[in-house]
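Try each one before reading its solution.

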Amino acid sequence: METGSLLAGAGVLLAIVWIWFAVYYWLNPQLKNPDAKARMTGTCGDTMEIGIQFDRKHVAVKTCCWTDGCITSLNCIHAAADLAKGKSVDARLDIDADAIQRSIGGLPKEHWHCATLAASTLHAAIDAYMNIHHLDIEPSLNDNPPDGNA
């Protein structure tokens, strides 16, 4: 009877480990070869990472993200990744901390830094992509000339 209990205990332990790995990989999707990747640590100690794959027209088609921080950090980095999908590298300027906060329904003041870190991490990944591919941001029609004259 002891052998049966030992085997049952080993089976339960194996099932728990398998479920833990499955949940871990489900919550932390990976891109095999991201075109751009960035990892940043905020003043709070939370670290965020984002990877992006682009198509030939430099539009983000796939993203993956990760954080070791709180649930607010997780929500913010996922919101940044979702906001980037389907957008060109030029449209990255539209994705800032305020856009991330709006997309998740707002944040308490003590968690604003999470949205700022998510936006910074996203911008760092896109900047890395732009540097690799020697891309410049195309000026908008609404931008003023450098001398300030409209």
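**Exercise 1.** Find where Gln53 sits and what surrounds it.

*Solution.* Start with the strand: Gln53 belongs to S2, residues 47–54 (strands are DSSP E runs of at least two residues, helices H or I runs of at least four, both numbered from the N terminus). Next, look beyond four places in sequence: Gln53 has contacts (heavy atoms within 4.5 Å) that include Leu31, Asn33, Pro34 and Val61. Then check Asn33: its backbone oxygen is 3.2 Å from a polar side-chain atom of Gln53.

Before you go on, a word about the source: this is a predicted model, where local features need pLDDT of at least 70, side-chain atom pairs count only at pLDDT 80 or more, and totals for chains, interfaces and linings use all residues. Residues are numbered from 1 along each chain as its sequence is written, and side-chain values use heavy atoms, leaving out hydrogens and water.

**Exercise 2.** Work out how many disulfides the structure holds.

*Solution.* Look for cysteine sulfur pairs within 2.5 Å, the disulfide cut-off. You'll end up with zero. For Cys64, the nearest cysteine sulfur belongs to Cys65, 7.0 Å away. Cys70 is in no disulfide either, with the sulfur of Cys114 its nearest at 4.3 Å.

**Exercise 3.** Is Cys64 buried or exposed?

*Solution.* Take its relative accessibility, 10%. Buried means under 20% relative accessible area, exposed over 50%, partly exposed in between (1.4 Å probe, protein chains only). So Cys64 counts as buried. Cys70, at 31%, is partly exposed.

**Exercise 4.** Name residues where H2 meets H4.

*Solution.* On the H2 side, pick out Cys76 and Ile77, among others; in H4, the residues they and their partners meet include Ala118 and Leu122.

Methods:
Polar contact = N/O pair within 3.5 Å; in protein donor to acceptor, adjacent residues only side chain to side chain.
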